[in-house]
Structures are given as C-alpha cells and as structure tokens.
Amino acid sequence: MSDVNLATSMATNDTNGPVFPFDIFEIIIMNFITSPIPSQFSRKFFKPHPDINSLSLVSKSFAEICQPLLFKSVQIDIQFAKLNRTQQLAGVIKANPTLASYIKWLEYIVPNMTTNQSLDASKDGSLTPLLQLPRLQYLKISACFPTSYEDQESSMGMFGLRSLLDQYMVSSTLTTLHIRRITKLPILDVLSCPNLENLELRFCETDGWDHPAASEVLNKGFKLKTAMIYGRQDVALSLFAYCPQIERFEFVRMSKFRSERPEIFPMSAQPLVSFKNLTAIVSIESVDWSYFCRLAESAGVKAFPALKHLTYYLITEEDITLGINPIFGHMESLEELEIQALNHAWNPEITSLNLKRCFSLSAQTLKNITIKWKIVLESGKDLLKIIRMALEGISHTNVLQRLDIYCDIAVDRRNDLDFQQWNHLDLSLTADNGAAFPLLNEVRISLRLSTGLAALPILAVLPQPTMSLAENDTYGPVFPFEIFEIIINIIANATSPGSPQVYSGFSKSDLIALCLVSKSFAEICQPLLFKWVQIDIHSYQDRAQQLVGAIKANPTLASCIKWLEYREPNERPVEPIDAEKDGSLTPLLQLPRLQYLKVNLNGYGSTSYEGPESSMGLFGFRSLLDQYMASNTLTSLHVQDITELPILDIFSCPNLEDLELRYAEVKGWDHPYDGTFRQVF
C-alpha cells in the first residue's frame with residue numbers, strides 16, 4: 001500500500017476516494033486503530049477496532065487498507081451457534097484466498113461437548129482453509145476442561161486441536177504458542193517448532209517418553225526466548241536446558257513441592273550448563289531450580305550470570321532450600337529482587353533464607369528490593385534481623401535505590417509490640433550520614449495488622465500522650481503535627497465517603513499501623529479508628545467484650561464513637577447469653593457523641609420491639625433504641641426488620657434528621673396523639 005504507483009492508481013480510479021494521497025490515510029488508519037498482536041503472556045482476545053468495519057465501507061481503497069486489519073485476529077469456535085460464523089469465515093477465505101495471508105493471530109476454543117453438526121464440520125473439509133494460513137504468527141488453543149491431544153477424534157484426521165497443532169508446529173512463521181488444558185502434549189514437537197520464541201502452557205500435561213530424546217534434536221537446541229508454564233504436573237523442566245536463547249522463565253507449579261524427575265523425560269545429549277541470555281525469572285510456588293544449578297556447578301560456571309530480575313513466591317521450606325537459595329548462588333548482576341511469602345496456610349522459616357549471599361554477589365548492580373512476608377510478631381524480629389544483616393554486608397559498596405518491606409502481621413493479645421529491630425534497620429540505612437547507602441532514595445515500610453476488633457485491645461493499652469503533640473515525642477517527625485493531623489484526616493475521610501454505612505477495612509488497617517508510629521500519631525488516629533463500630537454479640541461476643549474492655553481501660557474512646565451498627569444473627573439462642581444479662585456491655589449505652597445508629601436484624605424474619613426478651617432489661621436492640629432515641633446527639637437512625645416500633649418516640653428524638661426504616665412495622669395507638677408533638681418533629 002505504500003507503493004507510489006498503487007497510491008496513484010487508487011486516487012485516479014476510485015471516484016469516491018478522498019483527494020489526499022492514500023499513503024497518508026494508510027498511515028493514519030494503521031497508527032490510530034490498529035489492534036496490536038498481543039504479547040506472549042496475554043490472555044485477552046484482541047478484537048478488531050469497531051471503527052475498522054465502518055472505514056472499510058467508505059470506498060474500495062479504504063477497504064483494501066482495512067481488510068488486513070479486520071482479518072489480523074481471528075477467533076474460531078465450532079460449538080453450537082458459533083459454528084455457523086466459523087464456517088462463514090472459512091467460506092470467505094476460500095472464496096478470497098488472499099485473506100488467509102492477513103491472519104496472524106488465531107485462537108481456537110475447544111468445544112465442551114461434541115454435537116452432530118460440529119462433527120460434520122470437522123469431517124467434511126469445510127474448515128480446511130483455517131489450516132492453510134501462510135503467515136500465522138500467534139496460535140492459542142484453549143479448552144475449558146482437560147482434553148487429550150491423543151483422543152479418538154483428533155487421531156482421525158478431523159479438524160480440531162490436534163490438526164491445528166500438527167499443522168502449525170512445523171510452520172516457519174509461528175513465533176508464539178499458547179495452550180490451555182491439553183493433556184498428553186508432545187512437548188518435544190512443540191519446542192522443535194522452527195521459529196517458536198514464546199511458549200505459554202496453562203494446566204497442561206506433557207507426554208513423557210521411554211527412550212532418550214534424539215540427540216540430533218537436542219544438540220540443535222530450541223529457539224525459545226520466553227516460557228510461561230502454569231500447572232500441577234511435571235512439565236519437562238529439564239528440556240529447557242536445551243534453550244540457549246531463553247531470556248525469561250515464568251514457572252508456576254501449584255502443587256506439593258517435589259524435585260524434578262529426569263527419568264520421565266530421558267535425554268541423550270549434554271544439556272546447557274549456563275543460561276547466558278536469561279535476564280528474568282518469575283517463580284511461583286514449588287519449582288526445583290537446583291537441577292539447573294547442579295548442572296552449572298559440575299562445569300564450574302554460574303547458571304544465571306545475566307539474571308537481572310528475580311520474583312519468587314515462597315510457601316514451603318523446599319522453596320527456599322531447593323528453589324531460591326540455589327539461584328542466589330548462581331547470579332552476579334541482579335538488579336531487581338522481589339520475594340513474597342504471604343500464603344496464609346504456610347509460614348516458611350525465614351532463618352534459612354540466604355539474603356546475605358544474594359546481596360553480596362549483586363552489590364554493584366542491585367537497585368530495587370521488595371520483600372513481602374506473612375509473620376507473627378515473634379518471628380518479625382528474625383525477618384528484620386536477616387534483612388538488616390544482609391544490607392550491612394553491602395554497606396558503602398552498593399547501588400541500592402529502593403527498599404520496600406511489607407509485613408502481614410498476625411496480632412493478638414499474646415504478642416508484644418517490640419519494634420526495636422525497626423530502629424536498628426533505620427540506623428543501618430542512615431549510617432555515616434547516608435554514605436552507607438548513597439543512592440537510596442525510597443524506603444517503604446508497610447505493616448498490615450489484624451483489622452477489626454481483635455486489634456483494638458492492644459491499641460487501648462498503648463501509653464497515652466502526656467505532652468503536647470509537638471513536644472517531647474522522641475520518635476515524632478520534625479514537621480508540625482497539625483500538618484500530619486490534617487493529612488491523616490483527609491486520607492481517612494477519603495476512604496469513608498459521605499455515608500456512614502461505608503467504611504474501608506483498608507483504612508482501618510492503615511490507621512492501626514499509624515497508631516504504632518508514635519504516641520502523638522496514636523492521639524491523632526484513635527478518634528478515627530473508633531469513629532465507626534459494628535457489634536454482633538451473638539456471633540462475635542468476644543470481640544464486643546474486647547471493645548468494651550478497651551473503652552473501660554480508656555474512657556475517652558467512648559466519645560470517639562459516632563457511628564454504631566448493631567446486628568443480630570438469623571437465629572437467636574433460646575436462652576439469653578451472658579453478655580446480654582451481666583451488664584458487661586453497658587458502656588455501649590453510654591456513648592456521649594453518637595450521631596448514627598443502625599439496628600439491623602439481618603433480614604431473616606422480623607422481631608418485635610415488644611418481644612419477651614426485649615422487656616427483660618437485656619442488652620440488645622431495644623436497650624439501644626430506648627437509650628439513643630432520647631439522645632440529643634443522634635441525627636441518623638436506620639432500623640431494619642423490627643415490628644411494633646414506637647414511631648412517635650422515634651419521631652420525638654430531639655435532633656433526628658435522617659430516618660430509614662426497612663421491612664419495619666410501626667405500632668399504632670388508640671387515642672389521638674397530642675398535637676404539641678408537631679413542634680418537636
């Protein structure tokens with residue numbers, strides 16, 4: 001299309017064509033609405049831009065520009081109603097064979113169930129044009145359920161996943177292959193694809209072999225540059241030792257850790273001992289990297305000398321001892337390191353992690369460090385100590401620019417809040433007036449503590465500030481605390497927009513962490529942290545009692561509570577529980593600044609305000625309503641699933657401005673009400 005003669009021909013013979021040279025329109029269309037071929041790890045199907053259809057109808061010349069874009073990405077599905085569209089596509093290609101050369105990306109969706117119609121289409125040759133795409137670069141085959149490459153239909157010469165794979169695995173144009181949920185996959189044939197550079201396998205099972213793979217195949221090596229493997233089964237990891245051009249590994253094995261078993265995939269050629277082009281590894285869960293490291297050690301070389309980016313997710317001890325630690329010993333130019341151990345079912349022992357070796361081998365290149373760990377507070381000291389000692393090992397000899405530490409801390413009343421190790425880390429990072437880490441420009445420490453009432457008793461017993469905000473606070477910042485107070489209030493209010501029913505759990509987590517920064521920060525944050533409280537004494541009696549204990553230990557907290565939500569479960573116990581009878585929850589009836597009250601019986605049938613349990617003097621929805629309907633601070637009331645409500649008493653609440661009743665029934669009266677009430681509402 002960029003040829004001058006062709007452009008002139010278009011402008012001369014196309015009576016409806018525009019007056020500008022078509023080269024300009026071609027450039028505009030190609031740059032403005034071209035859908036790019038997706039990356040090797042993209043899951044989304046790229047549909048042609050909707051404007052391409054409209055543009056193709058402008059003129060013959062525009063149609064010629066747009067056709068390659070319209071047919072660049074094609075998705076085929078031979079199941080049910082979508083079969084007709086696939087057959088129409090094949091028919092169009094058969095009628096105009098040049099269209100086949102436009103298709104560069106093909107996605108085939110394996111049918112969940114086979115119908116007579118789809119079987120006929122697979123056998124009658126009507127879909128054959130889809131096996132004759134001379135410029136196909138990207139092929140994606142996706143099944144919703146595990147489907148065998150060697151099933152009966154695929155071995156009968158029918159159109160399907162096997163015919164597509166067999167056809168394009170030998171194609172010299174295919175560079176990217178994405179396969180999902182296919183079993184018995186001939187992995188050797190896949191890797192032998194002449195110019196395959198990008199491979200993604202998701203939940204596939206590879207087919208092993210009895211005899212060693214042919215040496216002529218292995219000695220030639222594979223051209224793969226990026227590999228992304230998700231799965232539970234063996235994925236012939238050892239085969240990737242024959243990919244000398246590999247640049248990126250991304251392996252995810254969601255199963256119990258086990259060492260690689262080369263006997264399933266026997267080889268007859270000497271494998272690669274050093275990945276000289278590999279710059280990025282993403283390893284999630286149980287992958288045995290020690291296999292490659294042993295090969296390199298046998299030759300006296302480093303397995304990953306060019307590695308620059310390492311992301312590793314840990315679960316078990318083997319992930320450390322057979323996974324990341326071996327990698328640490330076989331790299332020398334790492335620039336970015338990210339380690340995560342946040343799985344709540346496991347908590348690997350941090351002491352076996354050899355960070356010191358990692359940092360020392362890459363001291364002159366390591367710029368960014370991110371460590372995210374789920375810990376209990378007792379083991380937090382070990383984590384910080386290991387990080388600090390590893391950093392001290394590269395003090396004054398590093399190029400570190402950013403340090404990001406994220407701790408998911410399980411907090412309960414048995415933990416002691418000891419942050420001495422944080423002070424040691426701070427001193428190490430700022431040693432020698434900053435000369436220890438001269439390029440360090442960002443340190444981010446994130447603490448995610450237990451949210452909700454479980455953490456409130458700890459905060460309630462923190463030492464209370466005895467001085468003004470800016471005075472005598474050893475660990476307080478140097479800026480005026482009025483500024484921090486404004487910032488914290490803005491952030492907290494931004495995550496709690498308008499309605500009192502909305503309160504962000506993330507905000508509470510942040511406020512809990514801020515409370516631990518200093519006494520002065522605690523004074524700023526506690527009113528925000530206790531601003532909204534939800535209680536359910538039947539399902540979470542312990543939490544409610546912990547909240548009350550916190551208020552008793554620090555009575556000023558009662559004045560912080562402005563929003564109170566009371567819930568009851570779908571099934572009340574037959575007998576009242578102790579917390580309803582013993583008066584231990586009385587402080588919740590003495591909140592001097594309560595503005596918003598919500599009483600919600602969870603929508604499992606209505607409960608009468610006049611019920612027998614509500615007249616026994618128990619703590620519950622009636623005692624809350626009776627107490628705060630007479631309060632001059634209450635401005636908003638929300639009541640749900642309560643019958644026989646004393647509506648006159650509710651309307652008589654001194655300063656009530658907002659009332660919401662859901663599935664509630666009000667109690668009538670026998671005598672006309674006193675007209676003086678009009679002055680009250």
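This is a predicted model: local features need pLDDT of at least 70, side-chain atom pairs count only at pLDDT 80 or more; totals for chains, interfaces and linings use all residues.
Biologist: What makes the pair of Tyr-108 and Phe-159 edge-to-face?

Modeller: The ring centres of Tyr-108 and Phe-159 lie 5.8 Å apart, and rings pair if their centres lie within 6.5 Å; their planes stand at 90 degrees, and because planes over 60 degrees apart count as edge-to-face, the pair takes that name. Tyr-108 belongs to strand E2, while Phe-159 is in the loop between strand E3 and helix H7, so the pair ties together parts that are 51 residues apart in sequence.

Biologist: Why is the pair of Phe-275 and Phe-304 called stacked?

Modeller: Here the centres are 5.9 Å apart and the planes meet at 15 degrees; since planes under 30 degrees apart count as stacked, the pair of Phe-275 and Phe-304 is stacked.

Biologist: Why is Val-666 called partly exposed?

Modeller: Its relative accessible area is 47%, and because buried means under 20% and exposed over 50%, with partly exposed in between, Val-666 is partly exposed. Val-666 lies in the segment after strand E20, and together with Phe-651, Leu-659 and Leu-661 forms a nonpolar patch on the surface.

Biologist: What makes you say that the charged end of Lys-531 sits over the ring of Trp-563?

Modeller: The charged end of Lys-531 is 5.3 Å from the centre of that ring, where the distance criterion is within 6 Å, joined to a condition of lying within 35 degrees of the ring normal.

Terms used:
Residues are numbered from 1 along each chain as its sequence is written. Side-chain values use heavy atoms; hydrogens and water are left out. Patches are made of residues with over 30% relative accessible area and no salt bridge: like charges are joined within 9 Å, nonpolar side chains (Val, Leu, Ile, Met, Phe, Trp, Tyr) within 5 Å. Accessible areas come from the Shrake-Rupley method with a 1.4 Å probe; for residues, only the protein chains shown count as cover. A salt bridge is a side-chain nitrogen of Lys or Arg within 4 Å of a carboxyl oxygen of Asp or Glu. Helices (H or I, at least four residues) and strands (E, at least two) are DSSP runs, numbered from the N terminus. Buried means under 20% relative accessible area, exposed over 50%, partly exposed in between (1.4 Å probe, protein chains only). Rings of Phe, Tyr and Trp (its six-membered ring) pair if their centres lie within 6.5 Å; planes under 30 degrees apart count as stacked, over 60 as edge-to-face and the rest as tilted.
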